[in-house]
Amino acid sequence: MFAHEFFRNAFLAGTFIALACGAVGYFLVLRAQVFAGDALSHVAFTGALAAAAAGLDTRIGLFAATVTIALVLAVIGERAGADDVAIGIVFAWILGLGVFFLALFGSGSGGGNGLLGARALFGSIFGLSGSDAVVAVVVAAGIVPAILVIARPLLFASVDRQVAVARGVPVTALGLAFLVLVGATAAEATQAVGALLLLGLLAAPAGAAHRMAANPYLALALSAVLAVVSMWLGLVLSYAIPTLPPSTAVIAIAAAIYLLAFLLTARLPRVLAARAGTRLTADGPTASR
Amino acid sequence: MPAASALAGAGLSPDPISDLQQLTEYPFMVNALEAGTIVAVTAGAVGWFMVLRRQTFAGHTLSLMAFPGATFALLLGLSAAAGYFAFATVAALVIGVAGGAQSDHGGRGQVSAVTGSVQAFGLACGFLFLSLYRGVLANYESLLFGSFLGITRAQVLTLAIVAAATLGVIAVIGRPLLFASIDEGVARARGVPTRALASGFLLLLGLAVAATAQITGVLLVFALLVAPPATAQLITPRVGLGLALSIALGVFVSWLGLALAYFYGYPVGFYITTVAFAMYVIARAARAIVEHPTFLPGRAPVADAGA
């Protein structure tokens, strides 16, 4: 399996992208902002098309567009919270602009735009070159430490905003910085693995970790680990079954992990509570004596 | 579309009557205008509740279920309707269950995570079906971004039926849904079945939006679902007026978008989203000015619309 260069590239890039998505995703779920991640992943599509239409490097277009829109979302969303409706409206407009650039680009180069669109949405992790993989590693290696640096105040600001403000935590600046990091993650992941896989890796492992671990640092680590595990299992599965696209395999694994976490945490507390209840009544007389 | 503007030839003139005549000269434009009106009315009504309930993410996710639905139907040789109704129903129920369980675990973050996972998984399924099918899906891009200009009479009729059914359900559950959306705790205490209503609304949203997206594209439905209702809620907190305004703005946006696309080329989706976005920005700016303390001193500030 590792004898193939395409698989080594996919594995290397996939691991680091999953690590970044898991870390960023945990805070997205904590702040109920997965929609922002979704929107930013589609912004990357528009950015790439705009750069292609203008004849610029698509990677520059990607990063410029996602970071800019991340700032816009933060500003028009209520108090840097990127509120649901604001995201939706900006999102729809950005998609409309994407269609516009698609028409511009399509008329300029004649055909081939469908392929670019499909690639931006669904990605092709098995089609990455060695240099693509190195870029993915470098970007993720920048995002993960940045998240760790702001993790403590960001956690405070996300869990209890008012108290954080009162204690002098710069919540607005943190919200902005965080969305910029989401934008950078989205830009990198979209052009490497596609918007679809990005969203799956942002939402599912983080949702599972959030359910399973109460300690935030543990949950943050668990989220990154689950994302990497989904990526590894998905890549192997897709290698073993050639008709299964890698992004589908990775998302299926991630969704299965989330489902498992949901079932475990939805049932366990009830079972435990029932047991505790019976023990309480059984021990009741002894305790009162 | 460049082809459409070539057909029109003349372009906009100073005379609005002759413009309107040009616009309705071709049957495909009549179909497009009718479809645009029907979609705008449905989206304006359903979207008003969606925006009130802050469920834009769920709305977007459900509209995307048209993609796995269509590819699933293609793969099995079923009718497209069966495919998207199946996927929209399942997705709406999963998000509904997660929303119902939110009070006991994790709150809004979990709902957001579930919605994102459902969307990613649904699209991944669609991608799998597409690669299993191995054939060429003629226009998955038009599924996502829509082409209003190829709509047939039969599709207009389908849209009208979906719209009538959706508006009928809204009329029946509108009052309790409004109560549950504004104050869930009080509504539950008064015996309103808030959980059933929440799931029922998502189901309605999913079925209406997926059925519509199948014909007009995800982007157009989504744009009409969010921007006109959000603009209406910025302008007025009143329910009846807000709903009417939301529908009127939606119809205005889709007509203007279609006319611009007809006369100047470029995709309809671009014009509709741009007009809708501009409208929202203007409403927001106007509201910020009106609410500013230095504006007309002595007047009470405008009541908050919850927007």
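So, the crossing of H5(B) and H11(B): H5(B) goes past H11(B) in a right-handed sense. Keep in mind that this is a predicted model. The two helices are residues 66–76 and residues 194–216 of chain B, and they pack at an angle of about 70°, with the axes 9 Å apart. That makes H5(B) roughly perpendicular to H11(B), since anything from 65 to 115 degrees gets that label.

Okay, which residues of H5(B) and H11(B) meet there? On the H5(B) side we've got Ala66(B), Gly69(B) and Ala70(B), and on the H11(B) side they meet Ala210(B), Ala213(B) and Gln214(B). Sort that contact by class and you get 4 nonpolar residues, 2 polar ones and no charged ones.

Zooming out to chain B. There are 14 helices and 0 strands, so if you read the elements from the N terminus, you just hear alpha over and over. Of the 307 residues in chain B, 50% are buried. And if you take contacts with a separation of 6 or more, 76% of them are between residues 24 or more positions apart.

Last bit, the contact between the chains. Chain B puts in 44 residues and chain A puts in 45. On chain B's side, the elements giving two or more residues are H4 (56–64), H7 (108–133), H8 (140–145), H12 (218–235) and H14 (268–291). Which helix gives the most to that side? H7(B) does, with 18 residues. As for the make-up of chain B's side, that's 26 nonpolar, 15 polar and 3 charged residues.

Key. Residues are numbered from 1 along each chain as its sequence is written. Chains are lettered from A and ligands numbered from 1 in the order in which they are written. This is a predicted model: local features need pLDDT of at least 70, side-chain atom pairs count only at pLDDT 80 or more; totals for chains, interfaces and linings use all residues. Axes are lines fitted to C-alpha atoms, for helices over the stretch in contact, and angles run from 0 to 180 degrees between N-to-C directions. Helices (H or I, at least four residues) and strands (E, at least two) are DSSP runs, numbered from the N terminus. Angles under 35 degrees count as roughly parallel, over 145 as roughly antiparallel, 65 to 115 as roughly perpendicular and the rest as oblique. A crossing is left-handed if the near helix is turned anticlockwise from the far one by less than a right angle, and right-handed if clockwise. Two residues are in contact if their C-beta atoms, placed from the backbone, lie within 7 Å. Ala, Val, Leu, Ile, Met, Phe, Trp, Tyr, Cys and Pro count as nonpolar, Asp, Glu, Lys and Arg as charged, and the others, Gly among them, as polar. A residue is buried if 20 or more other C-beta atoms lie within 10 Å of its own, exposed if 12 or fewer, and partly exposed in between; C-beta atoms are placed from the backbone.
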